[in-house]
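Here is a friendly walk through one protein chain, from its overall build down to a handful of residues. Have a look at the model first, and keep it open as you read.

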Amino acid sequence: MKKTVFMSLMASSIIMAGGYKIPETSTNSVALGGANIAHTKNADAAYDNPANMVFMDDAQHAEVDLMYVGLSSTNFKGTYAKTLTGAEELNSEKQTFILPSLHYVSPKLGENGVRVGLSITVPAGLSRQWEEGSAKLVSQEFTLKIVEVSPSVAYKITNTLALAFGFRAVHTSGVVKSSESAIVNASPLATSYISRDLEGSSLDFGYNLALAYHPTKALELAATYRSNVNLTVEGSARLSSTAALGGAIPAGSYNGEASVSIPLPATLMLAGAYTFEKTKTTVEVVYEKAYWSAYKSLDFEYDGSLTNPVLIAAFDNPKPKNWKDTNTFRLGITQELDKVTLRAGAIYDETPTPESTLNFESPGSNAYSFSFGGRYQINDSMDIGLSALYSIKKDRTISGTTNINGLDGTFSNSRALLVSAGLGYKF
């Protein structure tokens, strides 16, 4: 069986991005709402667009960032047909996280000015906890942690064109817990108390490509592509269910190995930035395509056989997901002053989750986000930055006649706050 845990884990974003991908991985990126693909001058270019490394000052650039993530309590009002609880009003737990990142760009190497970059980031993840009502049956705790190490090499083709290639080494770890009484027989009506406790990890690989084109001093164009990475999570599972119908449906248990393969989807970004020389104002627009359609079903595999019908239905049968590709639109504005650089951004982000397969672990909806930040140049070698981003997910109403999981109601009040602080050093 492929673990219900981890896919569900990843299905709600730890922040606001559709699915479970986190595009803002530095202080500048948070300030600009991720609109720093074409116009990048700091060490975070190693991640956002490594091709731009060749246009940076000939020095070593390093940056360390710490990002605070605060998730609001998501509200659900409605019913869940798999339990006997009837109409409910439920709230997920509020949660906070601290996410570090590190970026480095080398000086020019050799006659051709090759640059090498390295980024250590948290590009995706999720935590969703429901401690009350029928939601506990699906996602009492879903926690997913992903850390990516991304080395890259950039080469200048001409004085205005550069290409870059990099690798993605992605480490994943996760925990999923759920427990609640569920309807296991309609006529005569019968319930069973079912529970799961899963954990696992994986190390998987992919690649990224980047292009930077500066046809004029004012105009910068860029394209980046990150490959799909299949997260091949392996770990352990403990499953159990109580007997029902006076023992006609027997109790069940499983304690052994489990695995699942989950896509961290490919993404394509196209960006353009224009700098108004007199005012030193740069405006950047970014279009992002995330190929979430790779997530068609959630199918867990166990190293052993499950014969209990309740456990098979709850945890072994493939769960359709049928996510869709999404579009994200980003706008970023950078204003350079004497020693201070101010930035602001706005985002519109689509959800990949269709109404038919949405559940408590992935109550996705389209989102609007707004951001602001700045950097202060302490001296020729050192600068500091601070930024914040606030994301608002639209309320989403689900119809029980459409949703295959038996959800009928409205998810609301999904909010996220990001605050990032960074220290940059050039030497």
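The notes below start with the whole chain and then turn to single residues.

This is a predicted model, so please read every value as computed from predicted coordinates. The protein chain holds 5 helices and 24 strands. Its radius of gyration is 23 Å, close to the 22 Å that the globule rule gives for 427 residues, so the chain is as compact as a globular protein of that length.

**The whole chain**

- Of the 427 residues in the protein chain, 55% are buried.
- Among contacts with a separation of 6 or more, 71% are between residues 24 or more positions apart.
- The accessible surface of the protein chain is about 17000 Å², and carbon and sulfur atoms account for 57% of that surface.

- E336 belongs to strand β18, which covers residues 326-336.
- With a relative accessibility of 28%, E336 counts as partly exposed, because that value falls between the 20% and 50% cut-offs.
- The side chain of E336 makes a polar contact of 3.3 Å with the side chain of K41.
- Beyond four places in sequence, E336 touches K41, T279, K280 and T341.
- T282 is 54 residues from E336 in sequence, and their C-alpha atoms are 8.5 Å apart in space.

**S227, in a loop between two strands**

- You will find S227 in the loop between β10 (219-226) and β11 (229-241).
- Is S227 buried or exposed? At 4% relative accessibility, S227 counts as buried.
- A polar atom of the S227 side chain lies 2.9 Å from the backbone nitrogen of Y207.
- Setting aside neighbours within four places in sequence, S227 is in contact with R168, G206, Y207, L264, P265 and A266.

**T40, in a loop between two helices**

- T40 sits in the loop between α2 (27-31) and α3 (45-48).
- The relative accessible area of T40 is 8%, and T40 is therefore buried, the cut-off being under 20%.
- Not counting residues up to four places away in sequence, T40 touches A45, N49, N52 and M56.
- T40 and E220 are 180 residues apart in sequence, yet their C-alpha atoms are 9.8 Å apart in space.

**N28, in helix α2**

- N28 is part of helix α2.
- With a relative accessible area of 4%, N28 is buried.
- The side chains of N28 and R343 are joined by a polar contact of 3.3 Å.
- Apart from neighbours within four places in sequence, the contacts of N28 are N36, N42, D44, R343 and R375.

**Backbone features to look for**

- The peptide bond from S187 to P188 is cis, and its omega is near 0 degrees.
- P188 is placed in the loop between β8 (161-185) and β9 (190-213).
- K280, listed above among the residues that E336 touches, has a positive phi of about 55 degrees although K280 is not a glycine.
- The loop between β13 (267-276) and β14 (281-290) is where K280 is found, and at 47% relative accessibility K280 counts as partly exposed.
- N413 is not a glycine either, and has a positive phi of about 65 degrees.
- N413 is in the loop between β23 (407-412) and β24 (415-426), and its relative accessibility of 38% makes N413 partly exposed.

Key. Residues are numbered from 1 along each chain as its sequence is written. This is a predicted model: local features need pLDDT of at least 70, side-chain atom pairs count only at pLDDT 80 or more; totals for chains, interfaces and linings use all residues. Side-chain values use heavy atoms; hydrogens and water are left out. Helices (H or I, at least four residues) and strands (E, at least two) are DSSP runs, numbered from the N terminus. The radius of gyration is taken over C-alpha atoms; the globule rule is 2.2 Å times the number of residues to the power 0.38. Buried means under 20% relative accessible area, exposed over 50%, partly exposed in between (1.4 Å probe, protein chains only). Contact means heavy atoms within 4.5 Å. Accessible areas come from the Shrake-Rupley method with a 1.4 Å probe; for residues, only the protein chains shown count as cover. A polar contact is a pair of N or O atoms within 3.5 Å; within protein, one must be able to donate a hydrogen and the other to accept it, and residues adjacent in sequence count only if both atoms are side-chain atoms.
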